[in-house]
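The following explanation is intended to be read beside the sequence and the coordinates.

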Amino acid sequence: MTGKKLHARDIGASAAPADTASIGRQLHTALSALKRAPLVPTSILGILISFAVFAPLIAPHNPIKIDIMANLTPPVWHEGGSSQYLLGTDKLGRDVLSRMIYGSRLSLSLSLIVIFLGGTTGVLLGMISGYLGGFVDALIQRSVEAMLALPTILVALVFVFTFGFGFWNVVFILSPFIAARFARMVRGETLSIKERDYVASAKVIGTSKAGIILRHILPNVANTVIVLATLEVGHLILVESSLSFLGVGIPPPNPAWGLMVSEGREYIATAYWISLFPGIAILAAVLSLNLFGDWLRDVLDPRRKQL
Amino acid sequence: MSGQTDAALPTPDKTADADILLRVEGLKTYFYTRKAVLKAVDGVSFTVRKGETVGLVGESGSGKSMTCLSIMGLVPTPGARVVEGEAWFGGADLLAMNKQDLRGYRGRRMAMIMQDPQTSLNPVYTVGNQVSEPIRLHLKERGERVMARVMDALRAVRIPQPEVRVAQYPHQFSGGMRQRVVAAMGLSTHPELLIADEPTTSLDVTIQAQFVSLIKDLQRESGTSVIWVTHDLGIVAQCCDRVNVMYAGRIVESAEVRKIFKAPQHPYTKALLNSVPVKGVKRERLYQIDGQPPALESRPSGCPFWPRCPHAMDTCKEEYPPKTSTGGDDFVHCWLVEN
Amino acid sequence: MASYLLNRFAQSLINIFFITILVFLLARATGDPAAALVPDDLPEAAVIELRARLGLDKPLIHQYWLFVQDIASGDLGMSIKGHRPVIDMIIERIPATFSLALAALVIAMAMGIPLGVLSAVYRDTFIDRVAKVVAFLGQSTPPFWLAIMLILFFGVFLFEQGLPSLPVSGRGGPATYIMPAFAMGWAVTAGVLRITRSSMLDVLDSDYMTMARAKGLSETTVIWKHALRNALIPVVTYFGLIIAAFMNGSVVIEQVFAWPGLGRLALVAVTGRDFPVVQGVVITVGVFLIVINLAVDILYAFIDPRIRYTKQ
């Protein structure tokens, strides 16, 4: 890089081409690198994941059981609070803490499903489009850009109008948007990877297009895909909770975090805890995902170190 | 013209020789990284006289660019710092000056041309705008006179159709032209010293020759002193009056140019000269100096060249050789030559 | 430059086509489009006439063509519940959403750009760390929750303490803008900060910066004249994304603050089963975003002289 001052970090970062055989090795290095991960975000993520997985074991109460007698109980540190309901109860007497714990299940599972569906589609489309070029590329790329130009929440509103809301409807609406984001990024990466020498040699020995894509391109986009996936989970949690907040996402009585915040809105002056804590859960989840994803990006591709 | 520092102590006039323009003494510039201290410039001393063209020769990593940046006060911070040394220019020590005074020197009394003309010009401003900056700032011109001066500067570096070119952007110029623009920027204020840091390295060979002769002509007309940083001995032979050979952050030999070519004293200088293919002289294969220059963080003790020196002795490994005069202003640092 | 602009223009057309088709199909997918698009308390004759005009018994392509024609001429249908042309309702609400978005943009730029510049110039110092924290928080805070918390503190709490507080709903004087604009701008600030910082860092390392200093220019000139303009080029491209984020965010923020804008209109229409309104808002906003992005592409071409004068 002429014209830029050389920093110590510019020298030394190697970009050895990955192939399927080395993925095992990479996984191993990845797992051991996890030990060096930033403490706070990783712990929070760990807590959230355990909440999601072990919710029935951890949550003190049934999240949807109504108990009008106990409604609007303040958190334990207030007068009138009780250690039975650590973070208080909502207007129907449901325990806020338990609902929050179960809520992590909803948020994480929804996001993971969407990432899986949208991500695999998007990565495939991106690689195909980037590698094949020509008409196929134009078709896919133009569609992807058109998709990305759509205002997500507004289009989701139209969709919900037609098909109604609910967990799976949200998954169905959000997946194409995620697919578009992955497709655009992977296409860009593919364009530069396909110029590299090992791809040329694979072509020379007669590897099929599909073979090249799966064996040479895919492992090399894996890093950026993983980083993007981590960041997109956070982004999805925000979008889904916004939709649930508006009442067009996950429906009651499910303990979706966004829904909890909106349910607490009318009581904001008198029972602030109903809205406050689920929101903190969202903030904590997304923040840890962003911090973790950022660290991951530095680890997997140190040359692109950014904020 | 702010040329004097406000030093409380009496400053001995280090420019006693009336025609010495720049005297650098004991310059040390270090990079501070988390892992190590990198001694980019490790004790450099040389002089430049008025009207003289001095070459600064060495491989990459020898510290030549850093020496120039240090003199100009442009050491990249954070990370690097001038640790020690003096640079006497017109009766004042550039390295001891406050930033404000130093800025008065930069662009006015000393100017610089860098290696890559593509990146040394700001892509979003016209050439005229950029060339006019030092004119406006240092010569304090205003209005139409600025444009007149800009045109003069462009004409002086032989850019055709300056009236058209002045409103164009850097990317509309070819590499050689861009470098001329940079030269125009530097010379528009008629500085006393021009530092040219490998200005021809990224140019085509034919353009190189043009540029070199341009600078030579300009230098002859205006009497500007020039420091030519280069690794190309051909340029040295063409332009320089005197040559400083740098290795591992130090000057290992300094001599008048004819002497360097005829009777090099330091083994490194000899090796450099040997590795240049000479027309008409048949060789079995190109002579290469064995080995690599030492990495900045792992310089050997003693004389840094000893691992590659065919005549290395035990003393070389232990102590850095002191300065030995070889006649006039010339000197060398080598145990073999020590008196 | 011409081919670059042509490319962007073509893409914009494709985008408009895409969104109109999407909305069109979604309307027809409800099973009985008439139920969605035709007010149910119209006299029989009017219903038949409306059905004919919408071409509901004609082939899909024909319907789509009618649809596009209507949109192009500004006819976005009739609101089922309001019995008014949708376009009128939209025009009424534009100032509210637009002014809020503008306020949010000003806040985001005023906070984001200086912080970005400072954190680049003073990289790895305390200032930089503070900026990073701000950026991460901004990106991770759910805007609807932030809005409610702002109301809790600046509206309710201060009021109860007898201190001057901010109005919690409705659109009125400047005071009513503060909380909603901040809630909307906060998330975007992070993006602006990051982009400014990263592009400043790139620029600060450049040779022309060293050259500028070598000419003796003051540090202020070097940063604010030479660095900033180059650094802002990527920020301009971020503009389109910012506006999109505002359009999305407006649905939520307007809901929380009972702000009479487009986002709220769309939301109310969804729960009120008033499809023409939903359709109208989504198409209007969608096309608006596409136009803005095209404008940004054009602007970008002009700001960066390299694009202006290079053959693509």
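The paragraphs below treat chain A, chain B, the interface of chain A with chain C, and a surface patch on chain C.

The structure is a predicted model. Chain A contains ten helices and zero strands, and its pattern along the sequence is accordingly written α-α-α-α-α-α-α-α-α-α. Of the 307 residues in chain A, 51% are buried. Among the contacts in chain A with a separation of 6 or more, 71% involve residues 24 or more positions apart.

Chain B has another make-up, with twelve helices and twelve strands. Buried residues account for 52% of its 339 residues. In chain B, 63% of the contacts with a separation of 6 or more are made by residues 24 or more positions apart. The accessible surface of chain B is about 15,900 Å², and 50% of this belongs to carbon and sulfur atoms.

Charged pairs come next. Side chains of opposite charge can pair when their charged atoms come close. Over all chains, 29 salt bridges are found in the whole structure. One of them joins R99(A) to E263(A), with the closest N and O atoms 3.5 Å apart.

The side chains of K64(B) and E198(B) meet in a salt bridge at 3.5 Å, N to O. This pair links helix α1 (residues 64–72) of chain B, which holds K64(B), to the loop between β7 (193–197) and α8 (205–222) of chain B, which holds E198(B), across 134 residues. K64(B) counts as buried because its relative accessibility is 4%, and E198(B), at 9%, is buried as well. The second example is K28(B) with E84(B), whose side chains form a salt bridge at 3.9 Å, N to O. Here strand β1 (residues 20–32) of chain B is linked to strand β4 (residues 80–89) of chain B, the two residues being 56 residues apart. Are K28(B) and E84(B) buried or partly exposed? K28(B) is partly exposed, at 22% relative accessibility, and E84(B) is likewise partly exposed, at 43%.

The discussion now turns to the interface of chain A and chain C. The size of an interface is often given as the accessible area lost when the parts come together. Chain A and chain C bury about 4,800 Å² between them, of which 73% is on carbon and sulfur atoms. In this interface, 48 residues of chain A are in contact with 54 residues of chain C. Twelve residue pairs are in polar contact between the two chains. The elements of chain A that each give two or more residues to the side touching chain C are α4 (134–148), α5 (152–163), α8 (209–246), α9 (257–263) and α10 (273–300). The largest share, twelve residues, comes from α10(A). Two salt bridges cross the interface, including one between D294(A) and R194(C) at 3.9 Å, N to O.

Chain C also carries a nonpolar surface patch of about 520 Å², made by L118(C), V121(C), Y122(C), F126(C), I127(C) and V130(C). Helices α5 (86–121) and α6 (126–140) of chain C each supply at least two of its residues, and α6(C) gives the most, with three. F126(C) lies in helix α6 of chain C and is exposed, with a relative accessible area of 63%.

Definitions and conventions:
Residues numbered from 1 in each chain as written. Chains lettered and ligands numbered in written order. Predicted model: local features only at pLDDT ≥ 70, side-chain atom pairs only at ≥ 80, totals over all residues. Heavy atoms only, no water. Patch = residues over 30% accessible without salt bridge, like charges linked within 9 Å, V, L, I, M, F, W, Y side chains within 5 Å. Areas by Shrake-Rupley, 256 points an atom, 1.4 Å probe, with all protein chains shown as cover. Salt bridge = Lys/Arg side-chain N within 4 Å of Asp/Glu carboxyl O. Helix = DSSP H or I, 4+ residues; strand = E, 2+ residues; numbered from the N terminus. Buried < 20%, exposed > 50% of the residue type's maximum accessible area, 1.4 Å probe, protein only. Contact = heavy atoms within 4.5 Å. Buried area = accessible area lost by both parts, 1.4 Å probe. Polar contact = N/O pair within 3.5 Å; in protein donor to acceptor, adjacent residues only side chain to side chain.
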